[in-house]
Amino acid sequence: MKRRVAISILGTTLDMGKWDNRWSRWRPNVGLCQQAGLFIDRLELIHDNHASALATRIIADIETVSPATEVRSNVINFRDPWDFSEVYTNLRDFARGYPFDPDTEDYLVNITTGTHVAQICWFLLTEARIIPGRLLQLSPPRDRDPGADFAGTHRIIDLDLSRYDEIAKRFASEREEAASFLKSGISTRNTAFNRMIDEIERVVIRSAAPVLLTGPTGAGKSQLARRIYELKKAQRKVSGPFVEVNCATLRGDQAMSALFGHVKGAFTGAAGERAGLLRSADNGVLFLDEIGELGLDEQAMCLRAIEEKRFLPVGADTEVSADFQLLAGTNRDLAEAVRLGRFREDLFARLNLWTFRLPALRERAEDIEPNLDFELRRFLEREGQNVTFNKEARERYLAFATGPDAAWSANFRDLSASVTRMATLAPLGRITIEVVDDEIRRLNTAWHGASRQMVSDDILVEHLGEDAAAQLDRFDAVQLAAVLQTCRKHASASAAGRALFASSRLEKKSSNDADRLSKYLARFGLRFNDVGMLR
């Protein structure tokens, strides 16, 4: 059997009494040790040093009614027992310093005595499992038979919601409502996505730590960030505004000013003071989208602002403060950016506490249908027109949208644009098979062109690196990509040269196709052995 341990504050009013008539009134801490069926092995009695005499008397009276109960005196001095911060801090320090042993002891926290502030603190500490126990509520006797004691009654409150079906159902319902809110009310069917949203809901309600949202462009990072903010505000976790900035738009000297503000005269053209986006987000949520595009200097200042809530505006001598909660988004691999020296390792470590990857739309084929209905509702709200599919058209579109030919390269942006086009062109508010077929042709044309461009860009980055590829003129980029793709199909420079110079070589009496190709590649610092089929 586990030993039963009670933790209780001395009641300077309810526990009072120094004469013999004290036995004819209810005293909670004495009654605690007289409860039928609730033997207390040890009582941790908390009091301040001004009540030491009363504590001594209560301990002696407990020894009279329950000699087997060990009572330990714990002195905690409250300057103001109604100051929430002081009371909570002192009780939390007591709890964290106490050698709890739940394997051998069962803990009860008496919420009958102490100020209402102390009772709330006991609840919070127990609910957070800082105190691994249950709450105990004592009540005075209603009717007392002559000669009976004044023990009163007790009730144990277990904060494990699983023990209370109705409360647990309500709690689960509220959780479902919060998760649905984050999904904009869309009944998504993808198991992994729904599990991720449930986890995000728990994190953003319980924690003020930074959250990093990753995933391809158009996967919904910005929309989810705003919904997270709205959920936090509805839960009264923040009171300030939602401030969003796309870091890819911050360039040069203006980046520091936009983020951290500046003072008047900080640089040429600074005619007045600027608060900056971080200060504008005070007490709210700051969403730094495409955070991987920030320069290293801006990253360093952001890290300090996140950790210390303080930063120095451009040109200022005095720091300013802003207490914001940070959300960040990126379509880049930040771990790879750290390896390449393009992103600070310490900032990545700070952001990587809570990282959630939003999957591409093609990874959530089962969610296309509910999102299709969502986009039609948005069209109704935006344009005031209720547009629907006929049965055959809906089946045709969904078969294509969930099939292997649907690239959804821009993810939900593609889907939103697609539905908008069909709804706008729908005759009499009904999307027909003809409208769907036209839209499928339109999407295929766009995706195939985009696919060719992506292949071209990827092969340049692979062989030249991202920076060198970005510096090429478009003319050179298109030509070099075509040459590299041809080289990949041939085992030798001569074979690749013959394919590339098939027409011009006929006009030459002798041609060295391999040499021509090698000289062309050398202009870009490349060799055939590095780019050909057998590389």
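I looked up Glu86 and found it in helix H3, residues 84-97. Helices are DSSP runs of H or I with at least four residues, strands are runs of E with at least two, and both are numbered from the N terminus. The model is predicted, so local features need pLDDT of at least 70 and side-chain atom pairs count only at pLDDT 80 or more, while totals for chains, interfaces and linings use all residues. Residues are numbered from 1 along each chain as its sequence is written, and side-chain values use heavy atoms, with hydrogens and water left out.

Is Glu86 buried or exposed? I noted that Glu86 is buried (under 20% relative accessible area, 1.4 Å probe, protein chains only). Glu86 has no salt bridge (a side-chain nitrogen of Lys or Arg within 4 Å of a carboxyl oxygen of Asp or Glu). The nearest side chain of opposite charge is Arg79, 4.5 Å away. I also found a polar atom of the Glu86 side chain 3.0 Å from the backbone nitrogen of Asp80. Leaving out residues up to four places away in sequence, Glu86 touches Asn77, Phe78, Arg79 and Asp80 (heavy atoms within 4.5 Å).

Next I turned to the sheet. It is open, with six strands in the order S3-S2-S1-S4-S5-S6 and mixed pairing (two strands pair if DSSP finds at least two bridges between them). Strands S3 (70-75) and S6 (153-157) are the edges, each pairing on one side only.

Last, I checked strand S5, residues 134-139, which runs antiparallel to S6 and is joined to S6 by five bridges. Leu138 stands opposite His154 in S6.

Notes: Buried < 20%, exposed > 50% of the residue type's maximum accessible area, 1.4 Å probe, protein only. Lys, Arg positive; Asp, Glu negative; His and termini not counted. Polar contact = N/O pair within 3.5 Å; in protein donor to acceptor, adjacent residues only side chain to side chain.
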